[in-house]
Amino acid sequence: MKIAIVCYPTFGGSGVMATELGMSLVDHGHEVHFIAYKKPVRLSDVNENLYFHKVNVPDYPLFSFVPYELALSTKLVGVVKQYSIDVLHVHYAIPHAYAAYMAKKMLKEQSINIPIVTTLHGTDITLVGNHPSYKTAVTFSINKSDIVTCVSKSLKEDTLNQFEIKKEIKVIPNFIDINKYIIQQDLCVVENPIPSEKFIVSHVSNFRPVKNIFNVIKVFYNIQKEIDCKLLMIGEGPEKIKAEKMCNDLGISHLVEFLGNTNQVEKNLCHSDLFLLPSSTESFGLAALEAMASKVAVISSNAGGLPEINIDGKTGYVCDFNDINSMTNKGISILNDKKTLELFKENAFNKARDYDINKIVPLYEKTYSEAVKITK
Ligand code: GMT
């Protein structure tokens, strides 16, 4: 099949998922065309079956805001025609589903029927999409997609509760390549045969307000009073500077490393013991899944889809959002008991296996075939 994928090219989960999906589809024999304003960060080299098409958005003195949707829909029409694309898969509703619908209408004028699959990722529904400035257009473009998927049961419920959706929504969860993590585990042992005595606590995100990184630091601050440990903060984002200052004010800067963005999160996580994700909103929590695949126990909030992957009392603990005391006590209890820690790490890894790429990508392939059938 020839599949065009529209996504955000950044380190956010939706872009990462879209890119990993596209690269895997190429391995399955498909031809994939990525369309974005920049080459996606996880996209390795392009080849004869893997293309990247940049959306150029020319500026003009009259524009206070450049019309990205216009440039994107124009690009979509061009790529679909030039490469005889079979299906258009857009990740993140805003503005991708809207631009895809415009492209579909323009192509229809030229007697080309292109099916649209829209995948909802989270904040496009729970935060941004809900804003009165966007809600009508988001509802419209979801309803106009041929097939709609979302990444967790919780996001499906949120979408149906908050928007007037007339379409069925399929849940296809986020995924990881478990083999990559198994290989990395072995490499980690070779690189570091005698692990340090200190426990390692970690957090990965884009440091946006929804990630609640100040609670990560507060929980770590409490834990380090009782347990010899350090904190790895992986990612970049708007709250980083404040978080660094907070560590400084609390006198724990020497225990906290801010590592920036990485394309090899599995390398940074492989010596970790505990992963903290206290988000206020989290449709799925890809970062938690990546930690679990790295054999790391998770303490998360109960937001959105997190309890679907982090099983309370088994792979870690699920606490009420903002319940710093509970997160602290549970963190200390895991790290203080070697047997529980090892059991939780093993359980986390086994749970992550349910989300292996080889189980999830075929669900998208099936969805594409259905979409093509619907529009025939
Ligand atoms: O987490 C973010 O802020 C980035 C965002 C995105 O769309 O790039 O992530 C969302 O999509 C991911 C992939 O489906 C999910 O794993 C994240 O849970 C979701 N983030 C939120 O709902 C806050």
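**Ground rules.** I am working with a predicted model, where local features need pLDDT of at least 70 and side-chain atom pairs count only at pLDDT 80 or more, while totals for chains, interfaces and linings use all residues. I number residues from 1 along each chain as its sequence is written, and side-chain values use heavy atoms, with hydrogens and water left out.

**Whole chain.** I looked up the secondary structure and found 15 helices and 13 strands; these are DSSP runs numbered from the N terminus, helices being H or I with at least four residues and strands E with at least two. Next I checked the radius of gyration, taken over C-alpha atoms, against the globule rule of 2.2 Å times the number of residues to the power 0.38. For 376 residues a compact globule would come near 21 Å, and the chain has 21 Å, so the two agree. The C-alpha trace spans about 70 × 45 × 35 Å along its principal axes.

I then asked how much of the chain is buried (under 20% relative accessible area, with exposed over 50% and partly exposed in between; 1.4 Å probe, protein chains only). Buried residues make up 55% of the 376. For contacts (heavy atoms within 4.5 Å), I noted that 70% of those with a separation of 6 or more join residues 24 or more positions apart.

**Helix H5.** Which residues of H5 are buried? In this helix, residues 135-144, I list Val 138, Thr 139, Ser 141, Ile 142 and Asn 143. Their packing partners are helix H3 (93-109), strand E5 (116-120), helix H4 (123-126) and strand E6 (147-150).

**Cysteines.** I searched for disulfides, meaning pairs of cysteine sulfur atoms within 2.5 Å, and the count came to 1. The pair is Cys 188 and Cys 270, with sulfur atoms 1.8 Å apart. The link is left-handed, at -95° about the S-S bond. Cys 188 sits in helix H7 (178-191) and Cys 270 in the loop between helix H10 (265-269) and strand E11 (274-277), so the pair ties together parts 82 residues apart in sequence. Both Cys 188 and Cys 270 are buried.

Cys 247 is in no disulfide, and the nearest cysteine sulfur, that of Cys 229, is 12 Å away. Cys 247 is buried, at 1% relative accessible area. Cys 319 is in no disulfide either, with the sulfur of Cys 229 nearest at 16 Å. I have Cys 319 down as buried, at 3%.
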